[in-house]
Amino acid sequence: MNARSVTLPPALASLRTQARTRWRSFAPRERLALAVGGGLLAVFIAWSLLVAPAWRVSREAPSELDRLDAQLQQMQRLAADAKTLKGAPPVSPAQAMAPLKSATERLGDKASLVFQGDRATLTLTGVSGDALRDWLGEARSAARARATDVQLNRSPEGYSGTVVVSLGTGS
């Protein structure tokens with residue numbers, strides 16, 4: 001099918017005729033300027049919609065892959081730790097007290113620990129994130145304690161609030 005056999009609606013045919021008449025009325029220099037401008041506009045649109053996004057993705061992909069690979073490795077380490085803890089024998093609440101007390105003593109006067117049956121409540125005042133992470137890690141691995149209620153506020157001095165852990169669960 002060629003272009004001349006296509007019949008346009010009357011409104012479009014009229015616009016097309018007007019455009020051809022207008023184009024023919026331009027001087028050759030004006031036609032050249034319009035053609036160059038249209039070409040530049042087409043190149044800009046093609047660049048913006050097709051080339052630039054692909055180029056940005058290819059430029060950012062290596063760093064994004066490295067970040068995702070590091071995240072995957074961390075998740076695999078955490079999964080291995082969870083599997084190890086799941087296979088570890090349960091610790092009674094009485095046995096769990098010693099590692100929790102020891103971990104709390106390392107936090108200094110910024111933390112206090114209170115035992116209530118099979119639960120322990122850690123109260124914090126201005127503890128750093130690293131110290132809190134270490135305490136939670138030791139509570140999980142050495143005491144087999146599981147955090148059941150955490151209410152923390154973060155300030156420039158560190159974390160303040162309470163962490164309630166369940167003792168002797170073995171899970």
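Okay, let's start with W23, which is partly exposed at 37% relative accessible area; by that I mean between the two cut-offs, buried being under 20% and exposed over 50%, with a 1.4 Å probe and protein chains only. Before I go on, this is a predicted model, where local features need pLDDT of at least 70 and side-chain atom pairs count only at pLDDT 80 or more, while totals for chains, interfaces and linings use all residues. Numbering runs from 1 along each chain as its sequence is written, and side-chain values use heavy atoms, without hydrogens or water.

Rings of Phe, Tyr and Trp (its six-membered ring) pair with centres within 6.5 Å; planes under 30 degrees apart are stacked, over 60 edge-to-face, the rest tilted. W23 pairs edge-to-face with F26, at 6.3 Å between centres and 85 degrees between planes. W47 and W55 are also edge-to-face, at 5.4 Å and 75 degrees. W47 is partly exposed at 40%, and W55 is partly exposed at 49%.

Last stop, S166, in strand β4, residues 158-166. Strands here are DSSP runs of E, at least two residues, and helices are H or I, at least four, numbered from the N terminus. Is S166 buried or exposed? Buried, at 7%. Beyond neighbours within four places in sequence, S166 contacts D118, R144, A145, R146 and T148, contact being heavy atoms within 4.5 Å.
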